[in-house]
Amino acid sequence: MSEPAVLFTEPGARWRMVAFGPVFCLIALIIELLTGPVVHWFALSLFAVLLSGFVYVQVVAARRHASVELTTSSLRQGTEDLPIAEILKIMPPADPESYEQQPWETARSLGELSAVPRRRKGIGLRLRGGALVQAWAKDDVALRAQLESLLAKSAGGSAE
């Protein structure tokens with residue numbers, strides 16, 4: 001059996017972030033070589049390794065817990081998989097001008113996180129059992145469009 005087609009994906013974090021610390025340390029080393037009598041070889045090397053290590057841990061965690069993947073059969077938010085067949089309705093977007101929150105804005109966030117991750121926006125979903133949950137993505141407009149298209153196809157295909 002072949003893998004379902006991926007319609008939308010966000011990795012959560014990019015591996016290139018791990019290289020930023022060593023690159024900045026290399027720039028500092030070049031500046032020291034060009035301008036001063038003292039070059040801090042050991043300190044800059046140590047900081048490059050430490051920065052890479054800390055950022056590596058953050059990237060691994062973000063890729064595991066803040067990634068999104070939508071296929072024709074499921075929506076994966078972090079470590080939680082939600083079958084598309086469980087989604088009954090996509091709720092309308094929140095009104096940024098309104099002081100009152102819509103019910104889905106206080107619903108449980110998909111994934112094992114306690115809330116929608118930073119720099120991501122929620123999308124309200126009503127599930128078959130009647131529960132409200134929040135899907136989320138950085139590009140929430142594209143995820144919403146893909147979900148709406150997918151639900152329209154599944155509703156259109158099941159109607160007799």
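**Stop one: a nonpolar patch**

Start by selecting Ile-31, which you will find in helix 1. Before you go further, keep in mind that this is a predicted model. Is Ile-31 buried, partly exposed or exposed? It counts as partly exposed, because its relative accessibility is 46% and that class covers values between 20% and 50%.

Together with Ile-31 they make a nonpolar surface patch of about 560 Å².

Keep Phe-24 highlighted for a moment. This residue is also found in helix 1, and its relative accessible area of 56% makes it exposed. Next, pick Ala-48 as well and draw a distance between the two C-alpha atoms. Phe-24 and Ala-48 are 24 residues apart along the chain, and their C-alpha atoms are separated by 8.1 Å.

**Stop two: Tyr-56 in helix 2**

Move on to helix 2, which runs over residues 41-65, and click on Tyr-56 there. With a relative accessibility of 43%, Tyr-56 counts as partly exposed. Which residues does Tyr-56 touch, once neighbours within four places in sequence are left aside? Show the side chains of Trp-15 and Val-18: both are in contact with Tyr-56.

**Stop three: a patch of positive charge**

Clear the selection and pick Arg-14, Arg-16, Arg-63, Arg-118, Arg-119 and Lys-138. These residues gather on the surface in a patch of positive charge.

Zoom in on Arg-14 to begin with. It sits in the loop that links strand 1 (6-10) and helix 1 (17-35), and at 43% relative accessibility it is partly exposed.

Then go to Arg-119, in the loop between strand 6 (108-109) and strand 7 (121-127). Arg-119 counts as exposed, at 63% relative accessibility. Its backbone is worth a look too: phi of Arg-119 is near 60 degrees, a positive value in a residue that is not glycine. For background, most residues other than glycine have a negative phi.

**Stop four: a salt bridge**

Side chains of opposite charge can pair when their charged atoms come close. How many salt bridges does the count give here? The count comes to one. To see it, select Glu-80 and Arg-108, whose closest N and O atoms are 3.1 Å apart.

Glu-80 lies in strand 4 (residues 80-83) and Arg-108 in strand 6, so this pair ties together parts that are 28 residues apart in sequence. Both partners are partly exposed: Glu-80 has a relative accessibility of 21%, and Arg-108 has 44%.

**Last stop: a charge without a salt bridge**

Is Asp-140 buried or exposed? It is buried, yet it has no salt bridge. The nearest side chain of opposite charge belongs to Lys-121, 4.9 Å away.

To complete the view, show Lys-121 and Ile-123. Apart from neighbours within four places in sequence, these are the residues in contact with Asp-140.

Terms used
Residues numbered from 1 in each chain as written. Predicted model: local features only at pLDDT ≥ 70, side-chain atom pairs only at ≥ 80, totals over all residues. Heavy atoms only, no water. Patch = residues over 30% accessible without salt bridge, like charges linked within 9 Å, V, L, I, M, F, W, Y side chains within 5 Å. Areas by Shrake-Rupley, 256 points an atom, 1.4 Å probe, with all protein chains shown as cover. Salt bridge = Lys/Arg side-chain N within 4 Å of Asp/Glu carboxyl O. Lys, Arg positive; Asp, Glu negative; His and termini not counted. Charge placed at Lys NZ, Arg CZ, Asp CG, Glu CD. Helix = DSSP H or I, 4+ residues; strand = E, 2+ residues; numbered from the N terminus. Buried < 20%, exposed > 50% of the residue type's maximum accessible area, 1.4 Å probe, protein only. Contact = heavy atoms within 4.5 Å.
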